[in-house]
Amino acid sequence: MKAMLLDADKNFLWTDVPTPTPKENEVLIEIHACALNRADLLQRAGTYPSPKGWPEWMGLELAGVITEIGPNPVNKTLKVGDRVCALVGGGAYAEYIAVDSRLVMPMPKNLSFEEASSLPEAYATSYLNLFYEAKLTAGMTVYIAAGASGLASAAIPLAKACGLKVVTSIIDEAKRSAVEKLGADLIVNTKTESLADAFKALADAGEPVNGAMDCIAGDSLGDAMQYMAEGGYWVLISTLGGTTANIPLRPVLTKGLHLVGSMLRKRTNDFKGELLSNLSNNIWKHFESGAIKPSIYKILPITEAEEAHRILRDSENVGKVVLKVR
């Protein structure tokens, strides 16, 4: 089979490598499409390698067809020929991959392989942080940072389908209309507007932010967190805007606020398996009904991975970038 490796200068090489054989509790998937994440850029730069046991090449999510099942799969619903998508620790930029059966989900009906490949990482991350960590329920208000990002393109429609009011942020006014189409109720351009002022206005109007899924952090965290609802959860998933924040502690104390750090990649496969099972059981129906539509910016052949990475590096996209493998 072929996989997308890097040469000494970090250039992509579509190269022959051994086809894996599924071990105990693994299935072999013929990959039809894989989707990009910002973690891929970090891995290419050498700062975010694949975890132990995963292939060295990039790729955290994919869709394809099961071609072989190893001994004693934990997920006994899977069979050869199933159209599936999967959340992996690395190795999706390839023609085949062996995957722990707990990390494999059925594809939502009526979706293409390209659409399904864009779901596992973004929707699992969103589902984890909105509902497990931030403990949000219908009728609450959520802040989802970086509304034009691939992650937010999943989190915003997911939140809306589950009955949440969504506040998000942008830094490029040209992307406002695209983010509006995702369903966001309030969009704050943090280049020209204060996120803290927006939070305060919502609190004054009786609709305070109950939870946040924040990949930005930095000063905006400390400025805005104090205006959250009583018992609110600010879930920190990355620090793209800075690694320090000045947080007023009195509101944290008097309102019982929670600052939570969350990384999906560090969770056990048992936990991920439960999360993915709940995700597919509870959310896939919204794709099948058309209530949520996959947000894809561009589909490129796997041999154009360089162009796909450029799109992410330049923050050109609103929605996911997908590589078509076959």
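Which helices and strands each supply at least two residues of the lining of the largest pocket? In this predicted model, they are α1 (38-45), α3 (120-133), α4 (150-161), β9 (165-170), α7 (219-225) and β15 (320-324).

**Largest pocket**
- The largest pocket holds about 1400 Å³ of space.
- Its lining comprises 48 residues, of which Arg38, Leu151, Cys215, Ser238 and Leu240 are the closest to the centre.
- Among the contributing elements, α3 gives the most to this lining, with 4 residues.
- By class, the lining of the largest pocket consists of 23 nonpolar, 17 polar and 8 charged residues.

**Second largest pocket**
- The second largest pocket contains about 320 Å³ of space.
- There are 17 lining residues here, and Glu26, Gly53, Trp54, Pro55 and Ala98 are the closest to the centre of the second largest pocket.
- The strand β6 gives the most to the lining of the second largest pocket, with 5 residues.
- Nonpolar residues number 10 in the lining of the second largest pocket, alongside 3 polar and 4 charged residues.

**Tyr93**
- Tyr93 lies in the loop that runs between β5 (83-87) and β6 (96-100).
- Tyr93 counts as buried because its relative accessible area is 0%, where the cut-off for buried is under 20%.
- A polar contact of 2.7 Å joins the side chain of Tyr93 to the side chain of Asp40.
- Tyr93 and Ile29 are 64 residues apart along the chain, and their C-alpha atoms are separated by 12 Å.

Terms used
Residues numbered from 1 in each chain as written. Predicted model: local features only at pLDDT ≥ 70, side-chain atom pairs only at ≥ 80, totals over all residues. Heavy atoms only, no water. Buried < 20%, exposed > 50% of the residue type's maximum accessible area, 1.4 Å probe, protein only. Polar contact = N/O pair within 3.5 Å; in protein donor to acceptor, adjacent residues only side chain to side chain. 1 Å grid on protein atoms, 1.4 Å probe; cavity = no way out; pocket = protein on both sides within 12 Å on 5 of 7 lines; lining within 4 Å. Points joined across faces, edges and corners; volume = space filled by probe spheres on them. Nonpolar A, V, L, I, M, F, W, Y, C, P; charged D, E, K, R; others polar.
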